[in-house]
Amino acid sequence: MKKLLLVTLLVVLVAGGLLFAAGAKEKERVIAVVPQQLGNVVFLPAEEGMKAAGKDFGVKVLWEAPTKAEAQLQVEVMEGLIERGVSAIAISCNHPDALAGVINQAIAAGIAVSTFDADSPGSNRQFFAGTNNYQAGYICGEEMLRLYKDHKKDRIRVALLEGIPGAFDIESRKKGFKDAVAGSNIEVVYEGACDDDVDKSVIIVEDYTRANPNIDAWFMAGGWPYVVQPGAMPEYTKWKQSDPQNHMVVTMDVFPSSKEFFDMGLIDSAVDQSFYDMGYLSVKNLLNVLDGKPIEGLEIITMDDEGVVYNIPSIDTGTRIVTPDNYKTEIK
Amino acid sequence: MVDQSEQGLVKIKKAPHFLKNWATSIVKSQSFRIFIVMVVMCVVMWIISPPFRTSTNILSVAKNFSTYAIAGIGVTLVIITGGIDLSIGSIFGLTGVIATMMFAKFNIPAFPAVLIGLALGTLLGLVNGLFVVRANLPPFIATLGMLSIARSLAYIITKGYPVVGLGKEILFLGQGDILKIPTPIWLMAVIAIIFSIFLNKTITGRRIYALGGNEEATKISGINTDRLKLLVYSIGGCLYAFSGIITASKLGVGQPTAGNGYELDAIAAVVIGGASLTGGAGTIAGTVIGAAIMGILRNALVLLSIRSHWQQFVIGWVIIIAVILDQLRVAKN
């Protein structure tokens with residue numbers, strides 16, 4: 001009997017708390033920023049940008065995301081934010097189509113919504129802040145072409161590392177890369193998926209490089225292996241240092257830990273999207289939207305997605321290319 | 001009355017009989033069958049993929065599966081009692097960041113930092129056990145809750161940032177070697193031997209099997225089954241933590257996302273190794289071989305340039321076939 005009473009009391013308390021919390025809508029202005037996944041190091045600069053903008057403009061900011069990079073989980077986060085009555089949301093979409101519905105739902109509820117890093121062109125969001133992933137991948141392809149422009153080999157064989165197979169942003173980068181090198185002597189001969197797991201990324205790179213020491217180049221569609229120390233990748237290090245003029249590495253993303261890899265000559269080009277600016281400019285311009293002011297730096301980019309043409313209101317946060325020549329100033 | 005010379009003759013006559021019984025029991029065991037499967041896989045890979053044969057590759061495969069094996073040994077004890085533990089990956093991740101933070105941010109020497117991580121893992125395992133034993137929660141639910149709790153703590157403590165700045169004292173665990181064999185392999189071997197002896201040669205070990213075989217009968221016979229459960233969950237937590245710390249050392253970074261989904265890999269290793277999810281059966285050797293099979297499969301997919309999409313497909317089928325074969329063996333016996 002005592003146990004039953006205790007359990008009932010507990011349930012009532014928890015339910016009451018939840019109901020109270022649910023009923024309590026945000027009273028002040030709150031801007032929520034929703035990356036694809038919590039704990040993904042790539043998005044951490046966006047969180048810093050968000051916080052800096054919150055401080056600079058005196059607005060409360062929230063960092064909310066699912067624990068896994070899944071569209072359905074992200075939809076649930078968005079629905080929660082709509083219920084909370086936040087003023088604005090900036091979101092990096094796990095999938096452009098899967099998030100369009102909930103984005104429009106938020107807009108219908110009077111919430112200003114923008115996207116960053118990964119857009120949802122079919123939705124009614126106010127603007128997109130970032131660099132298109134396809135374009136980022138294309139730049140990586142151009143960098144690979146640049147690195148091999150003086151090489152006379154008939155065929156440059158490239159191994160590619162990706163994250164979760166089929167993930168929209170990585171697929172866009174891969175497509176961009178392959179389109180950039182199409183028609184050249186550069187060819188992707190292997191694609192390994194690490195499921196966004198850093199340990200697995202290291203195992204794949206190490207195993208493949210050990211088995212194929214004659215591979216010419218690596219393209220990392222995400223910077224997972226560069227979160228670790230170079231000592232964790234002896235095969236890769238041996239391969240790269242055995243022929244630094246002919247064994248090339250191009251990677252997306254730059255982390256503070258990338259510096260050690262550059263110090264050892266283990267990266268030739270890293271294409272970095274400015275996540276800090278994405279976070280900062282998203283918050284800044286969502287505030288502009290809420291205040292009825294113009295969006296700064298806005299331009300309309302036309303995108304043709306397999307026959308469907310989109311006019312995308314964009315704030316270009318640019319990319320930077322980090323090489324052995326400039327990494328000491330670029331990586332803080 | 002048997003004189004000394006006849007005693008010696010009796011002993012000599014019994015020796016081959018003893019060896020024959022020992023050899024027969026080995027051959028009939030599930031571990032042996034799985035061992036044969038592993039050998040066949042290695043032979044096939046040896047033939048079709050020259051890079052597989054190199055000592056560097058074989059040591060690398062062993063180094064990589066050793067962390068799964070250590071975590072698998074932890075959950076083997078739980079599964080033998082008829083329980084399950086879904087919090088493996090989360091405890092793995094949380095303790096990895098705690099141990100690395102102790103070293104990198106609070107300047108605690110490597111050995112105490114590792115001990116703190118292990119103590120935390122043991123504590124979390126004990127909490128799992130208390131949920132099961134005192135709150136009477138099904139192990140699935142109790143450890144599912146801990147999965148979320150431990151992972152959230154990892155994010156909260158690190159704010160999502162990886163822990164960097166690991167010095168060579170702690171890197172030795174994951175990146176060092178002894179007599180040219182990577183340290184993780186030695187650690188796996190030592191742990192496997194210790195827990196194999198524990199399960200097979202100690203009274204507590206036999207009681208763990210008895211508990212999994214028939215909990216009621218074990219209780220009635222006067223054995224404190226609650227204490228046994230607390231013990232296995234605590235040991236499990238400690239070994240998941242050790243696995244997480246070795247991985248953090250191997251990579252040179254503690255990550256709050258480390259170990260995501262590893263519970264499935266660890267449990268798969270145990271099941272492939274012949275443990276029964278209903279309890280009462282399972283061996284440390286089987287778990288290690290199960291982890292080895294998964295490590296070899298992963299390595300094979302990369303060496304043969306097979307797309308990673310097939311990895312989970314293949315591992316899923318290996319699990320199902322392993323369980324079917326085991327059920328056929330049990331039915332035959």
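Start where the chains meet: select chains A and B together, and you will find 27 residues of chain A in contact with 30 residues of chain B. Two residues are in contact if their C-beta atoms, placed from the backbone, lie within 7 Å. What you have open is a predicted model, in which local features need pLDDT of at least 70 and side-chain atom pairs count only at pLDDT 80 or more, while totals for chains, interfaces and linings use all residues. Residues are numbered from 1 along each chain as its sequence is written, and chains are lettered from A in the order in which they are written.

Now color β7 (186–193) and α7 (198–211) of chain A, the elements that give two or more residues to the side touching chain B. Helices (H or I, at least four residues) and strands (E, at least two) are DSSP runs, numbered from the N terminus. On this side of chain A, α7(A) gives the most, with 10 residues.

Next, move to chain B and select helix α3, residues 55–80, where B:Leu77 has its place. Is B:Leu77 buried or exposed? B:Leu77 is buried, because 29 other C-beta atoms lie within 10 Å; buried takes 20 or more, exposed 12 or fewer, and partly exposed is in between, with C-beta atoms placed from the backbone. Show B:Ile208, B:Val232, B:Ile235 and B:Gly236 too: B:Leu77 touches these, not counting residues up to four places away in sequence.

Finally, look at the whole helix. In α3(B), 22 of the 26 residues are buried, so the helix is largely enclosed by the rest of the structure. Just after α3(B), stop at B:Gly82, which takes a positive phi of about 95°.
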